[in-house]
Amino acid sequence: MPHSVDIPKTQPPAFPDRCIECGKGSPGATLTCSASTSAWKPLKEPLWKGWKQEVPVCEGCKGALRRGKWLGRLVFVASITVTLSILLVMLTFSPSFAEGWVGYAALFGAIAVPLLVGQAIFTPSVEFSGFADRLVFNFRSPDYAKEFAALNESVVK
Ligand SMILES: [Zn+2]
């Protein structure tokens, strides 16, 4: 369950001076995070305009986070490939498999399982979205969310 804090878009967000991943003080490095696509993006902003945010991390976690992100993607692509291959083999050798709910359930599984596996391996410590007039940050750590909210004169929801 993420701990969500929203702040006005006009206000540059202030982060606590510690690593967002391990909590180490004065981390000395940052990691660039991109906003997830929001359905409520204002029309006056170009579609391709993404919100980027520098988030404080220590050097150790920076490398681990980058590797985790790529590993998550790799596992996602690998499991989709494997699941679709199995599906293809089953369809080739047993065409009646595609009839009825079993085929749909298998297709759903082929998409949902890799997504869940990828998320289990890589849970980001922060995610954020841009809305019409505010930015919403979702933190994994409730303590970090509280500190962030206090620094930005907001509250944890
Ligand atoms: Zn760290």
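## Burial and overall make-up

A residue is called buried if 20 or more other C-beta atoms lie within 10 Å of its own, exposed if 12 or fewer do, and partly exposed in between, with C-beta atoms placed from the backbone. By that rule, 18% of the 157 residues of the protein count as buried. What you are looking at is a predicted model, in which local features need pLDDT of at least 70 and side-chain atom pairs count only at pLDDT 80 or more, while totals for chains, interfaces and linings use all residues. Residue numbers start from 1 along each chain as its sequence is written.

The protein has three helices and five strands. Helices (H or I, at least four residues) and strands (E, at least two) are DSSP runs, numbered from the N terminus. Read from the N terminus on, the elements go β-β-β-α-α-β-β-α. Two residues are in contact if their C-beta atoms, placed from the backbone, lie within 7 Å. Among contacts with a separation of 6 or more, 74% are between residues 24 or more positions apart.

## The largest nonpolar core

A nonpolar core is a set of buried Ala, Val, Leu, Ile, Met, Phe, Trp, Tyr and Cys residues joined through C-beta atoms within 7 Å. The largest one here has 20 residues, and Val57, Val126, Phe137 and Phe148 touch the most other members. At least two residues each come from strands E1 (3-8), E2 (28-34), E3 (52-58), E4 (126-130) and E5 (134-139), and from helices H1 (59-93) and H3 (142-151). H3 gives the largest share of this core, four residues.

Leaving aside neighbours within four places in sequence, Phe137 is in contact with Ser4, Val5, Val126, Phe128 and Phe148.

## A three-stranded sheet

Next, look at the open sheet of three strands, whose order is E1-E5-E4 with antiparallel pairing. The edge strands are E1 and E4, each pairing on one side only. From one strand to the next, the twist averages 20 degrees. Two strands pair if DSSP finds at least two bridges between them, and five bridges join the antiparallel strands E4 and E5. Gly130 stands opposite Leu135 in E5.

Helix H3 lies across E1 and E5, running at about 20 degrees to E1. Such axes are lines fitted to C-alpha atoms, for helices over the stretch in contact, and the angles run from 0 to 180 degrees between N-to-C directions.

## Residues to visit

Arg134 sits in strand E5. Arg134 is partly exposed because 14 other C-beta atoms lie within 10 Å. Neighbours within four places in sequence aside, Arg134 is in contact with Asp6, Ile7, Pro8 and Lys9. Arg134 and Thr10 are 124 residues apart along the chain, with 7.7 Å between their C-alpha atoms.

Glu59 belongs to helix H1 and is exposed, with 12 other C-beta atoms within 10 Å. Apart from neighbours within four places in sequence, Glu59 is in contact with Gly28 and Ala29. The C-alpha atoms of Glu59 and Ala29 are 6.1 Å apart, though 30 residues separate the two in sequence.

Most residues other than glycine have a negative phi. Ser26, which is not a glycine, has a positive phi of about 40 degrees. Ser26 is in the loop between E1 and E2 and is exposed, with 9 other C-beta atoms within 10 Å.

Glu153 is not a glycine either, and has a positive phi of about 50 degrees. Glu153 lies in the segment after H3 and is exposed, with 10 other C-beta atoms within 10 Å.
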